Amino acid sequence: MLLREQDQFLSYNGEVLVFQLSKPKHAEEADDKTMNLCVRRMVFNRDTKLFVQKSSGVFSMHASHSKIEVICCSCTTDSRTGIILPCILMKKKKKNNVKYFVLLLHSSNQFEQSFYFKLDYELKEDITLFAGPSVLWRHANKLFYISSNTCVVQSAPVQLSSIVWTGEIVGEGTAVLGIRTASLPETEDADGFSVSDRAIWGSEFFGYTVQTQKMLPGTCFMPHAYSRVVSSVCMCKSERWKKQLRISLVAITHKNQLVWFQNGVPKGVCELPYERSCSVKPAVTSSSDLLFVVSFASGNTCVVQRRDSLQVASKWQKVKCVLVDDFIGSGSEQLLLLFEDDSNTDVLSTFKITDLGEVNYASDINYKRDVPAAEGLQENGLLTVRALETRLQAGWTSVRELQQHLGLQKRVILESCRALIDLVEERTHILPNAKKEGLVSLWDDVENPPHSLSKETSLVSEVPEHFTEELWQRVVGDSLVVGVKLTESFYLSLSDVSLSLVMDRDFSLISPIIKCQSKIIKLNKAFSALAVSSSQIEPPPKKMKLDLNSKNDPRKELPKRSSSIQLDGAKTLTAVTSLSPLLAFHRVCCVVLLHARKQNHQNDSLQQSKKITVLCGKILLSLEDISNGRYSVKMLKDNSYCTGSVEDILAVLAVSVRFSFQIVSSDCTLTTVSSWLLGEMECTPFKECQDNIFCHKAGNVHGTVFNWTLKNPFEGILTIFCRNLTVLFQCLHSLTRVLPPSCSVKLLRSGSKAVLIEHLALALEKEMLTLKNSLFLKETKAENSLTWGNESGKKISNAPLAPLLDTEEGVQQFRKKLQNEREESVRSMNQTMNGALYQKTALKIAEAQLSSDMIVWRLS
């Protein structure tokens with residue numbers, strides 16, 4: 001900053017340094033041979049809202065027949081210590097030469113002369129102090145600089161007409177952005193636009209690094225077209241990205257504009273309110289807003305704010321100096337505006353501190369005399385604080401109540417889990433007293449258990465004693481797979497089958513329920529593995545969603561039907577959960593529960609089902625067993641076969657995602673698929689099920705299972721069981737390289753077309769039976785919910801007609817029977833049904849129709 005007034009100002013760590021040249025005041029020192037440079041450290045007092053002097057210092061200079069001036073001052077880095085210190089450039093002019101010397105001001109207010117140099121001319125243009133300390137200036141269209149390390153004036157090998165910016169660039173050190181006459185190359189280079197731009201305007205930007213003496217392309221700062229109008233630049237950000245220099249800056253022009261550039265491209269422009277702009281400096285306020293302070297030669301100042309666009313936020317007139325620093329100690333920067341005031345000669349007498357937000361201090365406000373306003377403000381502030389305290393207390397009370405509610409909810413869930421375990425293990429569970437928990441009991445506290453609980457317990461007793469053949473566990477990657485093999489006779493009577501894992505009651509401080517995903521896997525001799533999951537995709541909605549207070553979601557009907565279709569071989573249920581959370585306990589015991597609906601088939605009526613929960617057993621998991629590989633999946637090669645057990649195969653399928661693709665070739669046979677599987681993918685068939693093969697290739701695809709079925713030499717179905725989509729894409733990418741170009745690969749939404757057709761036939765059959773049973777259902781008199789005409793239960797006999805028509809009595813008898821039959825038919829058409837039964841019947845019909853619609857969508 002150029003300082004031409006008698007008092008020179010500099011901000012440093014929130015302080016205002018005031019430099020002033022003066023002669024000694026004491027008589028014995030009052031001669032013409034001494035000049036003092038005085039410094040006063042001023043700080044802002046937030047109590048009195050005024051600047052007060054913190055300390056002062058003096059530097060005496062011999063001034064015999066010399067004229068001493070302060071050229072400029074700035075905060076620069078001392079290369080010896082790396083500390084930023086105030087730096088002052090002084091000039092001592094004699095008749096024959098000019099001597100310049102650089103001073104550093106330490107925290108003890110002691111001045112240190114860093115270095116000096118002599119010139120036969122005076123510094124007048126583009127003078128800058130930078131790290132070292134060093135001095136840079138322009139003279140006769142040449143660039144000169146000197147540092148404290150060399151103390152020798154050096155000249156840069158560049159010609160320039162002006163310097164618009166000097167500062168630090170990341171990875172380059174101190175750099176200079178200047179303007180010079182365009183020097184066009186003889187041949188057109190890659191930067192053709194830059195060459196033509198320079199030719200049009202006759203001038204160009206260029207960058208020069210002082211330490212490395214390297215030239216930087218000017219187009220990374222601004223287009224050359226702005227070289228005729230830009231007067232000053234403020235660098236916002238510089239970085240290296242992929243070995244390219246990326247710079248963000250703002251520039252002020254002679255056209256009274258502030259332009260924002262991003263990587264050499266103009267991004268915004270703002271019209272300035274005054275003419276003859278001189279300099280621009282940045283400021284970051286408490287609201288993280290980036291402000292640009294623009295000073296003008298007329299003594300005016302404005303602030304431009306950059307948010308979505310550049311816009312003038314405020315402006316002032318008759319400003320002597322603008323400083324940017326944290327003057328009030330708030331942790332962010334503010335603007336200090338010093339105004340011209342001829343009536344007051346005191347230092348910092350007329351000022352304003354602002355961040356264009358909450359901070360606003362001004363010297364023209366008499367804070368001491370404004371006592372009533374201060375008292376009113378204090379009273380209002382006290383009332384505001386009390387209101388905020390009340391709101392805070394109310395909020396804290398709500399938080400405590402919410403914490404108590406969450407704690408109670410957690411205890412209820414834990415007690416419910418204990419009750420569930422006791423129920424399936426046929427133990428008596430004693431419920432806690434509801435009043436102790438602050439709850440209201442939903443039933444009377446009596447010694448005998450409720451009817452519903454006894455009924456639920458009776459369902460457990462109906463389960464056969466030996467319903468599980470095997471309970472096993474495997475570890476695949478970061479997943480734990482638990483499998484239950486059920487007896488076929490027990491499985492045939494179940495639907496909606498799933499497994500859940502519950503931790504042993506020893507863990508009472510956490511939720512014992514383990515999040516897992518259940519799957520039903522069919523593994524027949526042909527190994528047509530069908531993983532049926534509860535998370536299958538759904539068709540686009542085309543029916544109104546049913547909400548009949550039913551616990552069953554019709555959209556989940558397809559997995560239920562799919563599981564019941566594969567009754568001939570699907571007897572293994574699996575549950576997959578994350579392994580790492582369980583290993584945090586080092587050793588954990590889990591209870592395996594089976595949830596299902598037990599079906600009771602009745603003639604000429606809807607199927608009645610009851611929910612049951614059965615204890616399948618317990619599994620023990622320890623970190624030691626996992627480390628020893630006790631439950632690891634072992635898929636090894638043995639004489640061109642994969643020797644994995646059935647449990648290992650099921651575990652791999654349980655953690656895999658199934659995708660089926662139809663491959664059709666019109667020009668040639670698909671023999672390349674088999675060779676690709678056995679060759680490039682290094683697959684071997686399972687010894688138990690040779691139609692499916694296991695991938696032993698190293699990398700992500702290891703562990704993938706394939707099933708290749710040829711319908712004819714030109715068409716086949718490829719089923720892939722993989723861990724994730726990344727593995728799937730890798731497999732398909734490798735496959736497409738060996739397939740003929742004319743091949744078409746189509747993703748099948750769910751299994752093969754033949755299986756879906758079978759599903760559809762069974763679903764339509766069930767839909768038809770549901771409609772038939774709903775229309776011809778006869779309700780018993782005990783339920784008294786359906787009224788039919790023939791309550792007597794008498795049936796019209798199918799006696800021969802000829803004997804009845806021989807006599808008059810026979811004709812009357814036949815006529816009477818015919819009339820009764822007609823009345824019975826009319827009464828049967830006028831049947832009535834209560835609301836609950838109608839609701840139940842309508843829901844079953846909608847479920848059956850939705851199931852068939854979903855299969856039709858999968859076939860489409």
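Trainee: Why is F351 called buried?

Mentor: Its relative accessible area is 2%, and the cut-off for buried is under 20%, so F351 qualifies. Bear in mind that this is a predicted model.

Trainee: And F51, buried or exposed?

Mentor: Buried too: F51 comes out at 11% relative accessibility, and the label needs under 20%.

Trainee: What makes F51 and F351 an edge-to-face pair?

Mentor: Two numbers to check. In general, a pair of aromatic rings is described by the distance of the centres and the angle of the planes. For F51 and F351 the centres are 5.0 Å apart, and pairing requires them to lie within 6.5 Å. The planes make 80°, and over 60 degrees counts as edge-to-face.

Trainee: Which parts of the chain does that pair tie together?

Mentor: F51 sits in strand 4 (residues 50-62) and F351 in strand 27 (residues 351-354), so the pair links parts that are 300 residues apart in sequence.

Trainee: How do you know that the charged end of R306 goes with the ring of W260?

Mentor: The charged end of R306 sits over that ring, 4.3 Å from its centre, and the distance part of the test asks for within 6 Å. R180 does likewise with F206, at 4.8 Å from the ring centre.

Trainee: Let's do S232. Why is it called buried?

Mentor: S232 has a relative accessible area of 10%, against a threshold of under 20%, so buried it is. The residue lies in strand 17 (residues 230-241). Leaving out residues up to four places away in sequence, S232 touches V164, V250, A251, I252, C278, S279 and V280.

Trainee: On to helix 10. What puts its buried residues on the same side?

Mentor: The buried ones are V727, L728, C731, L732, S734 and L735. They cover an arc of only 160° around the axis, so they share one side of helix 10. On the other side, F729 and H733 are exposed. The cover over the buried residues includes strand 40 (657-664), helix 9 (671-678), strand 43 (705-712) and strand 44 (715-722).

Trainee: How many residues does helix 10 have, and how far does it reach?

Mentor: It has 12 residues (725-736) and reaches 16 Å from first C-alpha to last, close to the 16 Å expected at 1.5 Å a residue.

Trainee: Which residues have the most contacts inside the largest nonpolar core?

Mentor: L480, L486, L494, L499, V592, L594 and L621, in a core of 30 residues. Elements supplying at least two residues each include strand 30 (479-486), helix 4 (488-491) and strand 37 (608-622). As for L486, its contacts include F467, Y491, L494, L573 and L594. There's also a second, separate core of 24 residues, with F661, L670, I693 and I720 among them.

Trainee: And the protein overall, what's in it?

Mentor: 14 helices and 47 strands. Of the 860 residues, 43% are buried.

Definitions and conventions:
Residues numbered from 1 in each chain as written. Predicted model: local features only at pLDDT ≥ 70, side-chain atom pairs only at ≥ 80, totals over all residues. Heavy atoms only, no water. Helix = DSSP H or I, 4+ residues; strand = E, 2+ residues; numbered from the N terminus. Buried < 20%, exposed > 50% of the residue type's maximum accessible area, 1.4 Å probe, protein only. Contact = heavy atoms within 4.5 Å. Core = buried A, V, L, I, M, F, W, Y, C linked by side-chain atoms within 4.5 Å. Phe/Tyr/Trp six-rings, centres within 6.5 Å; stacked < 30°, edge-to-face > 60°. Lys NZ or Arg CZ within 6 Å of the ring centre and 35° of its normal. Expected span 1.5 Å × (residues − 1). Arc of directions from axis to C-beta.
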